[in-house]
Amino acid sequence: MTKIRWGLLSTANINKALIPAIRASARGELVAVASRDHTKAEAYAQEWAIPQAFGSYEEMLQSGAVDAVYIGLPNHLHAEWSIKAMQAGLHVLCEKPFATSLAEVDAMIAASQKTGMMLAEAFMYRHHPQTKIAGEIVRAGKLGEITLLRGTFDFFLPETQRQPENINVRLVPEWGGGCQWDVGVYPMSFAQFIFGGPPEWVFGAQKIGASGVDEVFAGQMGYANGRLAQISSSFATPFHTFIEIIGTQGRLHLSKPFVGLDEGRKLTFTPKDGPDEEIVVPEKALYLGEVEDLHAAILDGVPSYLTLEETRNHVKTVLALYESAKTGKIIRPQ
Ligand SMILES: NC(=O)c1ccc[n+]([C@@H]2O[C@H](COP(=O)([O-])OP(=O)(O)OC[C@H]3O[C@@H](n4cnc5c(N)ncnc54)[C@H](OP(=O)(O)O)[C@@H]3O)[C@@H](O)[C@H]2O)c1
């Protein structure tokens, strides 16, 4: 096998980001799409020039036409279909959040171990040079001792996506909706990347909207040696993202931490006593890294850059944040 034949499991909006990434990769080709509805799958295949269309997810899994699937389903279906795909002998790139319970995450990891199929969380920004450079700057000690990380991911879900006939999957409680699950995971996972593991304690607070899910969420997280993180997310305010990492010798600011090609993003180092220093980041399409990483895992036996242990900790921390928001108590993730 020299090229990985990819299938898209659903016609999700987010596919639009993955299709060019798979096509731009040296060792991937997009060969199929599956939808719950055959007509929809056919129309989608035609629109995106995908050779094969399947009228059910199961049909694609059993077809023998694909080696790997990309899962962009609503959050509550990630575990079920990742496991079914691996049991069918397919490798899996599954969207964040991986699952909404630790039991599901553990079942996914167990399925990967049992079948030998590769399984990875599709956290695209972790593979981007901007994130890796930020990590290198921190680990080289340029900021001194890190004291605090803060960051946010906010955007606005319009009224049209709040109507029952056109409800956005992010607003349905039983489908793993909520802004912390959806976009709060970005600054939360960035903090885990910088601090090298999950927090020792978390405190969360949320505003539940008319939808029944959290539409504004704020969290404090505490790490070893008193290091802290403050994160927030929202469905109810204009688009805004940033990450700031603060240390005893300076700070690092990412104006757009979750974009790829230069869309006005700036990575700025501000030393304790000096002027701002802008750090040049190589251009790379945002979603290409996660695709290439899975290819390397399958074809070269290279361990995934984002480990399943890190992924499990992402879910563990979000669950603790929600428990804290619900109970009003500080929670120590177990
Ligand atoms: N990494 C990123 O940058 C990024 C960005 C956006 C979203 N995401 C993640 O991607 C996932 C999908 O988000 P999205 O906005 O693309 O969702 P979406 O457009 O609503 O697509 C979800 C797809 O799932 C399928 N589906 C199966 N059961 C469904 C159900 N009960 N209700 C609705 N759809 C169902 C549908 O495809 P068929 O009708 O074809 O079966 C639908 O098109 C989420 O996990 C989200 O967190 C990641």
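Modeller: Let's start with a count: a search of the whole structure turns up 13 salt bridges. Keep in mind that this is a predicted model.

Biologist: Happy to begin there. What do the side chains of Lys84 and Glu80 do?

Modeller: Those two side chains meet in a salt bridge, at 2.9 Å from N to O. Both residues sit in helix α4 (residues 78-87), 4 residues apart, which is about one turn of the helix.

Biologist: And how do I read a relative accessible area, say for Lys84?

Modeller: Under 20% we say buried, over 50% exposed, and in between partly exposed. Lys84 has 30%, so Lys84 is partly exposed. Glu80, at 36%, counts as partly exposed too.

Biologist: Which salt bridge links distant parts of the chain?

Modeller: Take Lys96 and Asp182, whose side chains meet at 3.5 Å, N to O.

Biologist: Which residues are linked in a network of salt bridges?

Modeller: Lys96 and Asp182 are linked with Arg170 in such a network.

Biologist: What about Arg162: which residue forms a salt bridge with Arg162?

Modeller: Glu215 does, and the closest N and O atoms are 2.8 Å apart. Arg162 lies in the loop between β7 and α7 and Glu215 in strand β9 (residues 214-222), so this pair ties together parts that are 53 residues apart in sequence. As for cover, Arg162 is partly exposed at 23%, whereas Glu215 is buried at 7%.

Biologist: Let's move to the backbone. What should I expect there as a rule?

Modeller: Most residues other than glycine have a negative phi, and most peptide bonds are trans.

Biologist: Where is there a cis peptide bond?

Modeller: One joins Lys96 and Pro97, with omega at about -15°. Pro97 lies in the loop between β5 (91-95) and α5.

Biologist: And what is the phi of Ser10?

Modeller: Ser10 has a positive phi of about 110°, although Ser10 is not a glycine. You'll find Ser10 in the loop between β1 (4-9) and α1 (15-24).

Biologist: Is Ser10 buried or exposed?

Modeller: Ser10 is buried, because its relative accessible area is 6%. Now look at Ala49, where phi is near 55°, again a positive value in a residue other than glycine. Ala49 lies in the loop between α2 (38-47) and β3 (52-54), and at 59% Ala49 is exposed.

Biologist: Now helix packing. How do the axes of α5 and α9 cross?

Modeller: The axes of helix α5 (residues 102-115) and helix α9 (residues 308-327) come within 10 Å and cross at roughly 170°. Angles over 145 degrees count as roughly antiparallel, so α5 is roughly antiparallel to α9.

Biologist: Which residues make the contact?

Modeller: From α5 they are Leu102, Val105, Asp106 and Ile109, and from α9 they are Leu308, Arg312, Val315, Lys316 and Leu319.

Biologist: Loops next. Which residues is Asp67 in contact with, leaving aside neighbours within four places in sequence?

Modeller: With that left aside, Asp67 is in contact with Met1, Lys3, Ile4, Arg5, Gly89, Leu90 and His91. Asp67 is found in the loop between α3 (57-62) and β4 (68-71), and is buried, with a relative accessible area of 10%.

Biologist: Gly89 is on that list. Where does Gly89 lie?

Modeller: In the loop between α4 and β5. Gly89 is partly exposed, at 37%. Leaving aside neighbours within four places in sequence, Gly89 is in contact with Asp67 and Met117. Also, Gly89 and Gly116 are 27 residues apart in sequence and 8.4 Å apart in space, C-alpha to C-alpha.

Biologist: Last stop, the surface. Which residues form a nonpolar patch?

Modeller: Ile167, Val169 and Trp175 form one, with about 210 Å² of accessible area together. Ile167 lies in the loop between β7 (146-156) and α7 (179-195), and Ile167 is partly exposed at 31%.

Technical notes:
Residues numbered from 1 in each chain as written. Predicted model: local features only at pLDDT ≥ 70, side-chain atom pairs only at ≥ 80, totals over all residues. Heavy atoms only, no water. Patch = residues over 30% accessible without salt bridge, like charges linked within 9 Å, V, L, I, M, F, W, Y side chains within 5 Å. Areas by Shrake-Rupley, 256 points an atom, 1.4 Å probe, with all protein chains shown as cover. Salt bridge = Lys/Arg side-chain N within 4 Å of Asp/Glu carboxyl O. Helix = DSSP H or I, 4+ residues; strand = E, 2+ residues; numbered from the N terminus. Buried < 20%, exposed > 50% of the residue type's maximum accessible area, 1.4 Å probe, protein only. Axes fitted to C-alpha atoms, helices over the stretch in contact; angles between N-to-C directions. Parallel < 35°, antiparallel > 145°, perpendicular 65-115°, else oblique. Contact = heavy atoms within 4.5 Å.
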